[in-house]
Amino acid sequence: MENKMRPAEMKRINTPELAQAFIHGQVKAVREQVGDKKVLLALSGGVDSSVVAALLIKAIGKQLVCVHVNHGLMRKGESEQVIEVFQNQMDANLIYVDATDRFLDLLAGVDEPERKRKIIGGEFIKVFEEEARKLEGIDFLAQGTIYPDILESDGVKAHHNVGGLPDDFDFELVEPVRLLFKDEVRCVGHALGLPASMVERQPFPGPGLGVRCLGAITRNRLAALRESDAILREEFGKAGLADQVWQFFTVVPDFRSTGVRDGKRAFDWPVIIRAVNTVDAMTATVPEIDWAVLKTITDRILAEVPGVCRVLYDLTPKPVGTIEWE
């Protein structure tokens, strides 16, 4: 990109009117840049890629080809939401790839966190490359780069840059939200009509649930993690905490604990609840959650999630603890 600086005269996008004006300007800019050519986008379902997808659909319609790779480490219902919103509601040109078995087979027995991350990131690029090579006439690659990515890194952050792609693709980049902060991206997403559950989605690590299923990932423990996380999100929503707590999720470690179920000894996993509030993610505090809410979550997880015999609440601030466990 030629100039990465945000123009001094650029207004903060914090109203529907300003968001619509931004959308109008970017639709025009994208059409001028792309013409009648095709654009490829890796659509994760996260805030940035979803807003870029909706914006480009508005600008160029079926010229945009979205690829959603389900690596089996998504939260409950996330891939289904991508299909419902973009394919069923927006009539997007969407390619859905269920690569669950491929990823989980590669991750079997791998317990070192950094190696897990590299496997997940590297395999995602391979899957995306395979899908890209099946397509013809693609000249542009769209990315969900936002302004903090530019400020905090030398170029584009790796999780946005499907750009470990080989040089022979020679794509020109389309980055319509590269000068926006996250809150502005959310404002644009609302103006584009995306569902609040997608626009207000919490930060989610690139390796997904892979870094919350601690140690070597197994399918049954991953299932317990996904279900317990869904229960936590549902109950925080009911209690009005979803808008008050910056990030919350569950963690399932790779060890078992003694319990009692139906009068018999059980040897099952603990589920750890992690909730934090932060401004910049450099430091974080742990919110005091009402006991009745925690009790309801605990009762539901123990009753509804197979293989779990304990529920714990992580009280550790950052520092010393990081927000994620791995």
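Predicted model: local features only at pLDDT ≥ 70, side-chain atom pairs only at ≥ 80, totals over all residues.
1. R212 sits over the face of F249, with 3.8 Å to the ring centre.

2. Next come the contacts between rings. A pair of aromatic rings is described by the distance of the centres and the angle of the planes. The count for this structure is 4 aromatic pairs. One of them joins F124 and F128, which are stacked, with 6.3 Å from centre to centre and 10° between the planes. The angle falls under 30 degrees, so the pair counts as stacked.

3. Where do F124 and F128 lie? Both are in helix 5, which covers residues 113-133. They are 4 residues apart, about one turn of the helix.

4. Is F128 buried or exposed? F128 counts as buried, because its relative accessibility is 1%. F124 is partly exposed, because its relative accessible area is 23% and the cut-off for buried is under 20%.

5. F236 and F248 form another aromatic pair, this one tilted: the centres are 4.6 Å apart and the planes make an angle of 45°. F236 belongs to helix 9 (residues 219-238) and F248 to strand 6 (residues 247-251), so the pair ties together parts that are 12 residues apart in sequence.

Conventions. Residues numbered from 1 in each chain as written. Heavy atoms only, no water. Phe/Tyr/Trp six-rings, centres within 6.5 Å; stacked < 30°, edge-to-face > 60°. Helix = DSSP H or I, 4+ residues; strand = E, 2+ residues; numbered from the N terminus. Buried < 20%, exposed > 50% of the residue type's maximum accessible area, 1.4 Å probe, protein only. Lys NZ or Arg CZ within 6 Å of the ring centre and 35° of its normal.
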